[in-house]
Amino acid sequence: MKKLKLVLLWLGIFGFWTVNQASQAQTPINGKVVDTQNRPIPGVVVNNGINFTVTDQNGTYSLPTDIEKCRHISISVPADYYIPVNELNLIEFYKPIKKEKSSDSYNFTLKKRERIEKKFTYLVFSDPQPKNDFHFVRFFTETVPDVKKFLNTKQGDVYGFVEGDIVSDALHLYPLYTSAVASWNIPMMHVIGNHDFDQKFAAFSHTGNKKKYAEHEYESFFGPTDYSLNIGDIHIICMKDIDYLGNKKYNTRFLKEQLEWLKKDLSYVKPGSTVFLNVHVPLFNMLKDSQSNAKSVLSILQKFNVHIFSGHTHFHKNEILANNIYEHNVGAVCGFHWQGNSSRCGTPNGYMIVDVDGDNIRWHFKPTGHDLSYQFKIYKPGEFSSQAEYIVANVWDWDNTYKINWYEDGILKGSMEQFSDIDQDFIDSGRVKVYRTDHLFRAKPSSTAKKIKIEVINRFGEIYTETIKL
């Protein structure tokens, strides 16, 4: 009997200790979301990176938070409110958690729209990636004015998304970069890339040290690495897919905790909605690795209509991953690390323009220094070394819905033949790394041909043509 009493006493003490430990780990964080008239906003989704909740009728929320693991409180800005930005036009949807002041309230103020704006433009930038002053000068004198010039042609709301590798391990360039893009005067949102981590440390998930972890500098400028917001009819998600180990070593994968975060985030989104997922490494690359959890991400997304925007590769490629999932791996702003003027596939340095009208999505790649009519380039016979007898067209935004026709002296000869090879401009630049692109097309003109016209018809029925003399 005495032994039984001792066991029960020990179990009681142990039970009290574990409950007490759990209560210490889960600190309730409270706050309120109001509009600029101090009126409460109910139904706003709030999360701490692990747990989610929504504001009540008074605009208030309470979120159990492990302050040893959670670093930010974030809101998924509703579509009927403007996305708040700071003085540099970086979006402000989050507040850092102050471990020493866990009793503080974490409040947000949003400006109400007159109506939900379903038409907007979404600019996608991958890999600006300046590493030194020379790179940054090119970014500042080429990319920045090109975007400004384009913005002068647009009406309505425009947003900028940068799909990682904002800089190239040169985190000291963040202030220069942010001041440069601030001049565009549009809300700017970011994803972390493998070159945006502090090389001295591993990711927070490996260190658990709130002061010394690889994402710290990135977060001090751009906030949490996983977050969401809403614009028009689109639910927009940004996620880290780099598991950083330190010293430039990393795995490309989503952690299991991120999968849970994604499930919870999408539980507040109506099935059948359009979702934009922004990542750094393309999922079509990650699907080759069973440890990446990319298949699990696609499974979570299966109830939605999804466009994935990614970077990392320094080539431009469209890939249909499922009937409901289209991935845009966007050619780099810096091309191939600011060497020459194109990415590895021959796509010019540039960025993607996505025009959104409700659920209607149209996109075009915008080459830096050119207008939107420049959607392909032509090599005359003899200019493409491996195809000496052929006219070659590099159609960078190609997908399998495109039609590529050619005319000889005004007569339609049919479709150009698709082939895979290394782009000639990339070869001529003297760069040693190779990549065979499949958005190349060829046709062999007759010996008497005088003029050749190439006609590109994209998936939206838009026609682009160019005629050359032989």
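Is E117 buried, partly exposed or exposed? E117 is partly exposed, because its relative accessible area is 23%, and the cut-off for buried is under 20%. The model is a predicted one.

## E117 and its surroundings

E117 sits in the loop that links β7 to β8 (119-125). Apart from neighbours within four places in sequence, E117 is in contact with D157 and G232. D80 is 37 residues away along the chain. The C-alpha atoms of E117 and D80 are separated by 7.8 Å.

## Strand β1 and its two partners

Strand β1 (residues 26-35) pairs with β4 in the antiparallel sense. That pairing runs over 7 bridges. Within it, G31 stands opposite Y61 in β4.

β1 also pairs with β7 (residues 108-110). Here the strands run parallel, and 3 bridges join them. V34 of this pairing faces T109 in β7.

## An open sheet of four strands

Another group of 4 strands forms an open sheet. The order is β24-β23-β27-β28, and the pairing is antiparallel. The edges are β24 (411-415) and β28 (463-469), each of which pairs on one side only. From one strand to the next, the twist averages 20°.

β23 (residues 403-408) and β24 are joined in the antiparallel sense over 4 bridges. W406 has G414 of β24 opposite.

## Helix α6: one side in, one side out

Helix α6 covers residues 256-266. Its buried residues are Q258, L259, W261, L262, D265 and L266. They lie on the same side of α6, because they cover an arc of only 160° around the axis. The face turned away from the buried side carries the exposed residues K256 and E257.

What do the buried residues of α6 pack against? Their partners include four strands named here in chain order: β2 (45-47), β3 (52-54), β11 (227-231) and β12 (234-238). β15 (274-278) and the helix α8 (294-300) are also packing partners.

## The largest pocket

The largest pocket has a volume of about 730 Å³. Its lining is made of 27 residues. Nearest its centre lie G49, I50, K69, R71 and E257. E257 is also one of the exposed residues on the face of α6 turned away from the buried side.

Which elements give two or more residues to this lining? They are β4 (60-66), β5 (72-76), α4 (204-207) and α6. The largest share comes from α6, with 5 residues.

## The cavity

Empty space can be located by rolling a probe the size of a water molecule over the atoms. A search of the whole structure finds 1 cavity of 30 Å³ or more. The largest cavity holds about 40 Å³ of space.

The lining of the largest cavity consists of L90, I91, F93, M188, M189, H190, Y218, F221, F222 and Y227.

## Helix α3

The buried residues of α3 are Y174, Y177, T178, A180, V181 and A182. They pack against α2 (133-151), β9, β10 (188-190) and α5 (216-222).

## Two residues with positive phi

Most residues other than glycine have a negative phi. D169 has a positive value, near 65°. D169 is found in the loop between β9 (157-162) and α3 (174-182). Is D169 buried or exposed? D169 is buried, with a relative accessible area of 14%.

H337 also has a positive phi, near 60°. H337 is placed in the loop between β18 (325-329) and β19 (350-357). At 24% relative accessibility, H337 counts as partly exposed.

Notes. Residues are numbered from 1 along each chain as its sequence is written. This is a predicted model: local features need pLDDT of at least 70, side-chain atom pairs count only at pLDDT 80 or more; totals for chains, interfaces and linings use all residues. Side-chain values use heavy atoms; hydrogens and water are left out. Buried means under 20% relative accessible area, exposed over 50%, partly exposed in between (1.4 Å probe, protein chains only). The arc is that of the directions from the helix axis to the C-beta atoms. Contact means heavy atoms within 4.5 Å. Two strands pair if DSSP finds at least two bridges between them. Axes are lines fitted to C-alpha atoms, for helices over the stretch in contact, and angles run from 0 to 180 degrees between N-to-C directions. On a 1 Å grid over the protein atoms alone, a cavity is a set of points where a 1.4 Å probe fits but cannot get out, and a pocket is an open set with protein on both sides within 12 Å along at least five of seven lines; lining residues have an atom within 4 Å of a point. Grid points are joined across faces, edges and corners, and a volume is the space filled by probe spheres set on the points.
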